[in-house]
Structures are given as structure tokens and as C-alpha cells.
Amino acid sequence: MGNWRKNLRQVEPYVPGEQPRSLDVVKLNTNENPYPPAPGVLAALGELGPDSLRRYPDPTCGVLVRELAARYGVGEDQVFVGVGSDDVLAIAFQTFFHSSQPILFPDITYAFYPVWASLFGVPYRTLALDADFRIRKEDYCQPNGGIIFPNPNAPTSIGEPRSFVEEIVARNPDSVVVVDEAYVDFGGESALPLVSQYDNLLVVQTFSKSRSLAGLRIGFCIGSPELIQALNAVKYSFNSYTLNEPALALGTAALRDEAYFRETVEKIVATREEAVERLGQLGFTGPRPLGNFLFVTNPALSASRLFQDLRKAGIFVRYFDKPRIRDYLRISVGMPEEMEKLYDFLGKYAQ
Ligand code: PMP
């Protein structure tokens with residue numbers, strides 16, 4: 001009888017949203033982009049030769065790093081890429097949050113932050129959002145070992161202006177401040193222009209949402225060369241080959257089609273604005289959304305029951321059974337016709 005069980009790591013993992021295998025559902029639960037990736041991405045897929053599978057990928061991810069540096073007007077030594085922004089964020093936790101002081105993040109935010117903190121042994125303190133679910137920037141002036149928050153925040157979809165982020169960064173010159181901009185392209189104000197001014201600011205973005213490539217897993221961050229060098233040192237201490245060669249080629253193709261990117265983002269924003277209106281008519285309220293999702297409540301309905309009933313009808317949304325937000329649903333913006341199915345269901349449901 002071995003006693004190996006006593007040496008197992010005990011962790012409480014992050015629980016991702018459901019990925020139903022059936023394609024015959026209205027899937028509004030994981031903030032994916034309902035539009036296909038840019039046409040050039042599928043063309044690049046067809047052009048992949050066997051060498052891109054036979055050989056190890058470029059460990060520096062050079063082609064994608066160069067394209068990102070050009071697109072965002074920064075140096076190649078200011079860009080780091082990873083297997084989704086989850087990978088970039090996890091490496092950032094291991095690289096920058098190495099203090100005995102607690103790191104700070106909001107109480108209602110991306111549920112992966114406390115999981116990484118626990119996994120990597122990083123002490124943390126959560127700070128309560130205000131009654132309107134806004135981040136209270138004054139709270140981020142206390143001693144800390146680092147700061148992280150999404151902007152727009154999740155699951156609230158509330159975005160704050162660049163000046164708000166700048167105040168937090170400027171007041172914390174002794175900490176690395178990580179701004180998770182997974183949803184920024186849908187109307188948020190990016191902190192990227194601040195990177196040249198603040199060497200302690202790291203801006204993290206993803207190809208999963210605005211570039212329709214959640215399945216490919218590409219994330220990146222931009223910061224001072226010193227931060228990027230530190231990230232690379234940790235990455236190369238862990239796994240040299242992160243992005244695979246197909247992901248590098250397809251991600252680069254996605255980045256090259258700026259017009260398609262703008263067009264799909266605009267469509268999603270238009271559908272979101274319509275959703276605010278239509279859900280409002282059905283008795284739902286919530287904060288003004290700036291991501292590709294809405295966070296809504298209806299005082300006449302139980303959110304947990306509605307979540308289950310929607311699911312039975314083949315409409316998947318996200319529900320968090322957590323203090324302060326258990327009366328809310330998070331609804332990703334889908335195709336206009338998918339949203340119609342949602343409004344149709346809700347219109348009948350309320351009666
Ligand atoms: N940050 C936030 C706030 C998110 O909601 C998500 C999506 N689950 C991510 C990061 C990670 O996205 P990805 O790994 O697909 O880039």
C-alpha cells in the first residue's frame with residue numbers, strides 16, 4: 001500500500017464554461033466570437049506544409065512577435081506571446097508576483113486569478129467592487145506585491161478609461177501592474193499608449209475574442225523590454241516551445257487583415273447595443289457593457305432557474321453562483337439570429 005497520496009498537490013481548479021459538443025445550440029456562454037476568423041487565416045491553414053508539423057516550432061515565435069510589434073507600434077523586445085492569454089497571465093504571475101506582500105485584484109473578476117495565486121503560492125487580497133460593480137481605484141494605493149485586473153472587467157463588462165488605469169500604475173511604481181485587456185477591442189480604452197511611459201505596466205491581450213481564434217490559443221502582452229525579458233526567462237525555464245507552428249502562421253495571417261478585424265468588431269458592437277435595448281424591454285438591467293458580453297439581472301426572475309431553463313432550450317449562457325452576482329447572467333454577444341432566439345425565448349418565458 002503506497003502512501004503517495006499524501007504528496008499529491010491539492011488544488012481547487014478553475015472551471016471553464018461548458019463546451020457542448022452539439023453544434024445545434026445557441027452558444028452564448030464563453031465569450032467566443034460568433035464570426036469566423038479572417039479569410040486569410042483559413043488560406044494560411046491550407047498552405048501549411050508537413051514541415052510545420054514535423055519540426056519544432058520557432059521558440060521565439062518570431063514571425064508573430066514581429067507582426068504584433070509592427071501592428072502596435074512597439075519594439076520586438078516589448079512583445080511576448082503565449083498559448084492564449086491564460087498562458088501569458090500564468091507566466092506573468094510566476095514572473096512578477098514574487099513578493100511576500102499580497103497581490104491585489106477585485107473580488108468580482110476573472111475567476112482564474114485566485115486559482116493561479118493558490119497554485120503558485122502567491123499571497124493575495126481581493127478588494128470589493130463598489131455597489132455599481134466598479135473598481136475603486138483608491139483601494140489600490142495600499143502596500144502590495146503586484147496588481148492585476150481586467151479592463152473591461154469580467155464578468156461585469158464594465159470598462160474604465162485609460163486615465164483610471166494610469167492613476168493606479170503611477171501610484172504603484174514599486175509593483176508590476178498587469179492589465180488584462182481580453183475584451184478591450186469591443187469599445188474599451190487600451191492602456192497600451194502608457195507602456196512607453198511606465199516600465200512597470202504590462203498589457204495583456206488575446207486573439208480569442210476579437211480575432212475569432214479561441215480554438216487556436218494565442219495570447220500576447222506588451223510591456224517594457226525589462227518585463228518582457230523577465231517573462232522570457234521564466235518561459236524558457238518551463239517550456240521552450242509554447243505556440244505551435246500552425247498557430248504562429250495563422251495568428252500572423254489574422255493580424256494582417258485589419259479591415260476584417262474592424263468589420264467583425266463593429267458588427268458585434270452593433271449587436272451588443274441592440275441587445276442592451278431588447279433585453280431592457282424584457283425587464284433586464286445591468287452595467288453598460290464594453291466587452292463582447294452583457295451582465296444582466298431581472299428582478300422578476302431567478303437567474304439560476306432561468307440559466308437552467310435556457311440550457312434545456314439549447315441556449316447556453318453563463319451563471320456564477322457567487323455572492324453579489326448570483327442574480328445575474330453573463331450573456332455573450334452572438335450572431336443577430338442567435339440573439340433573436342434568445343429574445344424570443346425570454347419574451348415567452350416572462351409570460
Ligand atoms: N482574461 C479574461 C478576463 C477572460 O475572460 C479570459 C477568457 N476566459 C481570458 C483572460 C483568457 O482568454 P484566452 O486564454 O482565451 O486568451
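Biologist: What's the handedness of the crossing of H10 and H11?

Modeller: Right-handed. Keep in mind that this is a predicted model.

Biologist: OK, and at what angle do H10 and H11 pack?

Modeller: About 125 degrees, with the axes of helix H10 (residues 303–312) and helix H11 (residues 336–350) 12 Å apart.

Biologist: Which residues make the contact?

Modeller: From H10 you have Arg305, Leu306, Asp309 and Leu310, and H11 brings Leu342, Phe345, Leu346 and Tyr349. By type, that's 6 nonpolar and 2 charged, with no polar ones.

Biologist: How do H9 and H11 pack, then: what angle, and how far apart are the axes?

Modeller: Helix H9 (residues 258–281) packs with H11 at about 10 degrees, axes 11 Å apart. That's under 35 degrees, so H9 and H11 are roughly parallel. On the H9 side, the contact uses Thr271, Glu274, Ala275, Arg278 and Leu279; on the H11 side, Pro336, Met339, Glu340, Leu342, Tyr343 and Leu346.

Biologist: How do the residues of the H9 contact with H11 divide?

Modeller: 7 nonpolar, 1 polar and 3 charged.

Biologist: Switching to the ligand. Which residues are around it?

Modeller: Gly84, Ser85, Asp86, Leu89, Tyr110, Asp180, Ala182, Tyr183, Thr206, Ser208, Lys209 and Arg217.

Biologist: How far is a polar side-chain atom of tyrosine 183 from a ligand oxygen?

Modeller: 2.6 Å. Serine 208 also has a polar side-chain atom 2.6 Å from an oxygen of the ligand, and for arginine 217 the distance to a ligand oxygen is 2.8 Å, again from a polar side-chain atom.

Notes:
Residues are numbered from 1 along each chain as its sequence is written. This is a predicted model: local features need pLDDT of at least 70, side-chain atom pairs count only at pLDDT 80 or more; totals for chains, interfaces and linings use all residues. Side-chain values use heavy atoms; hydrogens and water are left out. Axes are lines fitted to C-alpha atoms, for helices over the stretch in contact, and angles run from 0 to 180 degrees between N-to-C directions. Helices (H or I, at least four residues) and strands (E, at least two) are DSSP runs, numbered from the N terminus. A crossing is left-handed if the near helix is turned anticlockwise from the far one by less than a right angle, and right-handed if clockwise. Contact means heavy atoms within 4.5 Å. Ala, Val, Leu, Ile, Met, Phe, Trp, Tyr, Cys and Pro count as nonpolar, Asp, Glu, Lys and Arg as charged, and the others, Gly among them, as polar. A residue is near a molecule or strand if one of its heavy atoms lies within 4 Å of it. A polar contact is a pair of N or O atoms within 3.5 Å; within protein, one must be able to donate a hydrogen and the other to accept it, and residues adjacent in sequence count only if both atoms are side-chain atoms. Angles under 35 degrees count as roughly parallel, over 145 as roughly antiparallel, 65 to 115 as roughly perpendicular and the rest as oblique.
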